[in-house]
Amino acid sequence: MEKERTVIHLQLLETDEHHYFGSMANIFEYYTSEQLGIEYSSLRNYGLSNEHPYKNKKCIIRKGLLLSKSGGRGIRKQSE
């Protein structure tokens, strides 16, 4: 079974840098509202989704899914 996790993709348009975050709040630990051109509360109210990315002159912020293989590492198989 695969696990689905939300990933937030930030593209800074001036430098064409791409960064990936685990949450919208996490973006604002690294960048200011002035650098992004939007405040955290406004981004939360925007309704960010896979089909509805946020875009302005400074950045594009997309929400997507990170698909990963389910765990199993570190789990010992029971002997029969």
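Modeller: Gladly, and bear in mind that this is a predicted model. Setting aside neighbours within four places in sequence, Phe28 is in contact with Ser33, Leu36, Ile38, Glu39, Tyr40 and Leu43. Phe28 itself is found in the loop between H1 and H2.

Colleague: How many aromatic pairs are there by the rule of ring centres within 6.5 Å?

Modeller: The count comes to three aromatic pairs.

Colleague: Why is the pair of Phe28 and Tyr40 called edge-to-face?

Modeller: Their ring centres are 5.6 Å apart, and the limit for a pair is 6.5 Å. The planes stand at 65°, and over 60 counts as edge-to-face, so that is the label.

Colleague: What makes you say that this pair ties together parts that are apart in sequence?

Modeller: Phe28 lies in the loop between helix H1 (24-27) and helix H2 (33-36), whereas Tyr40 is in helix H3 (residues 40-46), so the parts tied together are twelve residues apart in sequence.

Colleague: Are Tyr46 and Tyr54 buried or partly exposed?

Modeller: Tyr46 has 28% relative accessibility, between 20% and 50%, so it counts as partly exposed. Tyr54 has 11%, under 20%, and therefore counts as buried.

Methods: Residues numbered from 1 in each chain as written. Predicted model: local features only at pLDDT ≥ 70, side-chain atom pairs only at ≥ 80, totals over all residues. Heavy atoms only, no water. Phe/Tyr/Trp six-rings, centres within 6.5 Å; stacked < 30°, edge-to-face > 60°. Helix = DSSP H or I, 4+ residues; strand = E, 2+ residues; numbered from the N terminus. Buried < 20%, exposed > 50% of the residue type's maximum accessible area, 1.4 Å probe, protein only. Contact = heavy atoms within 4.5 Å.
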